[in-house]
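Here is a short briefing on how aromatic rings pair up in a protein model. Have the sequence and the structure at hand as you read.

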Amino acid sequence: MLSTRLLSSSKQAARKVSVLGSVRTKYTVPDLDYDYNELEPVISAKIMKLHHDKHHATYVANLNVAEEKLLAAQAKNDVTAQVALQPAINFNAGGHVNHCIFWKNLIGEKNGGGQLHEGPLQSAIEQQYGSLGALTTVVNGKTAGIFGSGWGWLTFNKALGRLDVITTANQDMPSSVGHVPLLGVDAWEHAYYLDYNNVKADYFKNIWRVVNWKDVAKRYDDAVADYNRAK
């Protein structure tokens, strides 16, 4: 099933259920690794609770409904219905996967947020961009240029074997264009508006204070290892 393949990286957030006599994966919103107020004052507890418990939960609920409809269409061999369901599955699957990455990418300043330590990721950033500050300028500039809703990403470009900075529209995933997501900046209004109103540039500037670079570095190490194995 298309959406099951797309969501293979988030199986820890799922449980098995029986639908129409077959077993499929039903996705759930993963618990946060920290309290809602962990990221204050950069991101308030109010917006974290709304973002996690309402917005992310809506993507998950809609994804489960769409997959149930897909199973029903497959059982009836209704190809037209299967094709018609793919946009909803792709959108909500992306919303789920992107947010699962986003929550892991963040941690409070008192617990190491914003601190990039020596290692392969730091070396790669300095080699390609000159400094972490220069990288943040590139990411913020590209993310600010998104028309409407979307995401800014630090990725590992599998075709080039190096870091890259891209944006994706709506809930599109970096994997759809051959990139491994390392760090995502949610540029949807629901991620910042209650705290920053229409001054999203301040949100983009401040979010770097709560980036969990240990998580990003682990994603980078894994991506490089996979890339080297595939050579």
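Is tyrosine 203 buried or exposed? With a relative accessibility of 0%, tyrosine 203 counts as buried (buried means under 20% relative accessible area, exposed over 50% and partly exposed in between, with a 1.4 Å probe and protein chains only).

This is a predicted model, where local features need pLDDT of at least 70, side-chain atom pairs count only at pLDDT 80 or more, and totals for chains, interfaces and linings use all residues. Residues are numbered from 1 along each chain as its sequence is written, and side-chain values use heavy atoms, leaving out hydrogens and water.

**Aromatic pairs overall**
- Searching the whole structure turns up eleven aromatic pairs (rings of Phe, Tyr and Trp, the last by its six-membered ring, with centres within 6.5 Å; planes under 30 degrees apart are stacked, over 60 edge-to-face and the rest tilted).
- Phe102, Trp103, Trp151 and Trp153 are joined into a cluster by ring pairs.

**Phenylalanine 156 and tyrosine 220**
- These two rings are edge-to-face, because their planes stand at 70 degrees, with the centres 6.2 Å apart.
- The pair links distant parts of the chain, 64 residues apart: phenylalanine 156 is in strand S3 (residues 150–157) and tyrosine 220 in helix H8 (residues 213–230) (DSSP runs numbered from the N terminus: helices are H or I, at least four residues, and strands E, at least two).
- Phenylalanine 156 is buried at 2% relative accessible area, and tyrosine 220 also counts as buried, at 12%.

**Tyrosine 192 and tyrosine 203**
- This pair is stacked, with 5.2 Å from centre to centre and 25 degrees between the planes.
- Tyrosine 192 sits in the loop between strand S5 (179–186) and helix H6 (193–196), and tyrosine 203 in helix H7 (residues 200–206), so the pair ties together parts eleven residues apart in sequence.
- Tyrosine 192 counts as buried, at 5% relative accessibility.
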